[in-house]
Amino acid sequence: MTPNRLVFGRDDAVAAWVARQIPHVGAVGFGACRAIAVVAGDRPVAGIVYHDYQPQARCVQISMASVSPLWAQPGTVRALLSVPFEQYGCYKIWTAIPADNERALRFNRGIGMKSEGTLRHQFGPRRHAIIFGMIEPEWAAKWRLKEAA
């Protein structure tokens, strides 16, 4: 499998693309943010947006969207998760996922995110959000590249 390519420096375009893929975000967008596109071959297949950054709390929300599950190669996931922990110095990342989005719930559990609670009717009547989070020690244990001994 050919490795994915990450595209930086196109924050507005990537954030707008991700927002269009997520019905409860849509045209409203993410506000101030940073974003990275994941490109396979010559087409964008996924994107991640880092938004609602709280430097005093060392916390940032992440939102992801994809058009193919093939983007989620371990090296790609590691690189995308390393941004908030290694570059921003975050202690915690978190995300809000519709409770009926089984694929996203499964993916987030698979990358090591922990369910932290439910926000009732967060995305409208009868559309609840499951909050997932990951703290730096959990990320380090699962994703930090181990230095050669």
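Modeller: Buried means under 20% relative accessible area, exposed means over 50%, and partly exposed lies in between (1.4 Å probe, protein chains only). The model is a predicted one, in which local features need pLDDT of at least 70 and side-chain atom pairs count only at pLDDT 80 or more, whereas totals for chains, interfaces and linings use all residues. Residues are numbered from 1 along each chain as its sequence is written, and side-chain values use heavy atoms, with hydrogens and water left out.

Biologist: Why is Asp11 called buried?

Modeller: The relative accessible area of Asp11 is 17%. Buried means under 20%, so Asp11 is buried.

Biologist: What makes the pair Asp11 and Arg34 a salt bridge?

Modeller: A salt bridge is a side-chain nitrogen of Lys or Arg within 4 Å of a carboxyl oxygen of Asp or Glu. The N to O value for Asp11 and Arg34 is 3.1 Å, so the pair meets the definition. Helices (H or I, at least four residues) and strands (E, at least two) are DSSP runs, numbered from the N terminus.

Biologist: How many salt bridges does a search of the whole structure find?

Modeller: The search finds four. Among them is that of Asp100 with Arg127, whose closest N and O atoms are 3.1 Å apart.

Biologist: Why is Asp100 called exposed, and what is Arg127 called?

Modeller: Asp100 has a relative accessible area of 53%; exposed means over 50%, so the word applies. Arg127, at 26%, is partly exposed.

Biologist: How do you know that Arg144 and Glu136 form a salt bridge?

Modeller: Their closest N and O atoms are 2.7 Å apart, and the limit is 4 Å, so the pair qualifies. Arg144 is partly exposed, with a relative accessible area of 35%.

Biologist: Which residues of helix 4 are buried, and why are they said to line one face?

Modeller: In helix 4 (residues 136-143), Glu136, Trp139, Ala140 and Trp143 are buried. Seen down the helix axis, these buried residues fall within an arc of 105 degrees, so they line one face of helix 4. The arc is that of the directions from the helix axis to the C-beta atoms. In general, an α-helix has 3.6 residues a turn, so residues three or four places apart point the same way.
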